[in-house]
Amino acid sequence: MLKLCSLILLLTTSTYSLARSNKPITYPHHFVQPKNHATMDKPKAEEAKVEEDPGPTLPLIKEVHNAEERRIHLGVNMGINSPEGTRGATPEFGIDVGFQPLIPFGLSFELSTSRFDSSHDEMHRRVTALVRGTYNFGGDTPVIKYSYFGLATGAVMLHDGAEMGLAPLFGFDVPLYGEADHSCSLGFMAKYLFVTSKDPDSLMTSAALKYWF
């Protein structure tokens, strides 16, 4: 009888221990189950990355580290100068030289000349010497990745004196020999020149051929 009681007690103890080992762990209502910090912080890290990265079309501002990023160029512009009022449109020719001091901003100097008729039906030459600053786009979108916009200001010289000019502008420069070779580009530029005197403001559109060093 004693042996039988001992056997029953042993079986009961073993069954209870097995049941406790298989029972899922529960936490009191006031205790928060620990979370995986790597999993918890991942969405926040991704969100912070999205906020810091403005996207491929708008490059991040950074320093220039090599000659390719400096983007030194010499260009020739040929187009049409269309003054306001009754004066007719005339050809315009110009050159520009520039570089990229800080990604994605460009700085260049432009010298151009054109002729237009005056109120006395005479042809007068107008020479513009402008310094222009630009913002250069990037990314993978065709044409847009080669585009820029900016502002130019400087002197506008006429036969009877000089005045100040201000011109918002935009344009693009597409490589002639494909993505791998950026030595030459063909593009387009448009700017609207405001002048400080009574001489007419004008819209200038031109093709732009550039060599990149």
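Mentor: Start with H73 and its contacts. Setting aside neighbours within four places in sequence, H73 touches D96, V97, G98, F99, S108, K210, Y211, W212 and F213. Keep in mind that this is a predicted model. H73 itself sits in strand β2, which runs over residues 73-83. Is H73 buried or exposed? Its relative accessible area is 8%, under the 20% limit, so H73 counts as buried. One of its contacts is also polar: the side chains of H73 and D96 meet at 2.6 Å.

Now step back along the chain to R71. R71 lies in the loop between α3 and β2. Its backbone deserves a look. R71 is not a glycine, yet its phi is positive, at about 55°. With a relative accessibility of 32%, R71 is partly exposed.

R71 also leads us to the largest pocket. R71 is among the lining residues that lie nearest the pocket's centre, together with E68, Q100, N136 and F137. In total, 32 residues line this pocket. The space inside comes to about 880 Å³. Which elements give two or more residues to the lining? They are α3 (67-70), β3 (90-103), β4 (105-117), β5 (123-136), β6 (147-158), β7 (161-175), β8 (184-195) and β9 (202-212). Sorted by class, the lining holds 13 nonpolar, 11 polar and eight charged residues.

F137, one of the residues nearest the pocket's centre, takes us to the aromatic rings. Ring pairs join F137 with F105, Y135 and F149 in a cluster. Across the model, the count of aromatic pairs is eight. Take Y135 and F149. Their ring centres are 5.9 Å apart and their planes meet at 35°, so this pair is tilted. Y135 belongs to strand β5 and F149 to strand β6, so the pair ties together parts that lie 14 residues apart in sequence. How accessible is each partner? Y135 has a relative accessible area of 16% and is buried. F149, at 43%, is partly exposed.

V143 is found in the loop between β5 and β6. Its phi is near 70°, a positive value in a residue other than glycine. V143 is partly exposed, with a relative accessibility of 42%.

There is a further loop to check, the one between β3 and β4, where P104 is placed. What kind of peptide bond joins I103 and P104? The bond is cis, with omega at about 5°.

Finish with L193, in strand β8. Its relative accessibility is 1%, so L193 counts as buried. Leaving out neighbours within four places in sequence, L193 is in contact with R126, T128, V156, G165, L166, A167, D201, S202 and M204.

R71 has a positive phi and lies among the residues nearest the centre of the largest pocket.

Notes. Residues are numbered from 1 along each chain as its sequence is written. This is a predicted model: local features need pLDDT of at least 70, side-chain atom pairs count only at pLDDT 80 or more; totals for chains, interfaces and linings use all residues. Side-chain values use heavy atoms; hydrogens and water are left out. Helices (H or I, at least four residues) and strands (E, at least two) are DSSP runs, numbered from the N terminus. Buried means under 20% relative accessible area, exposed over 50%, partly exposed in between (1.4 Å probe, protein chains only). A polar contact is a pair of N or O atoms within 3.5 Å; within protein, one must be able to donate a hydrogen and the other to accept it, and residues adjacent in sequence count only if both atoms are side-chain atoms. Contact means heavy atoms within 4.5 Å. On a 1 Å grid over the protein atoms alone, a cavity is a set of points where a 1.4 Å probe fits but cannot get out, and a pocket is an open set with protein on both sides within 12 Å along at least five of seven lines; lining residues have an atom within 4 Å of a point. Grid points are joined across faces, edges and corners, and a volume is the space filled by probe spheres set on the points. Ala, Val, Leu, Ile, Met, Phe, Trp, Tyr, Cys and Pro count as nonpolar, Asp, Glu, Lys and Arg as charged, and the others, Gly among them, as polar. Rings of Phe, Tyr and Trp (its six-membered ring) pair if their centres lie within 6.5 Å; planes under 30 degrees apart count as stacked, over 60 as edge-to-face and the rest as tilted.
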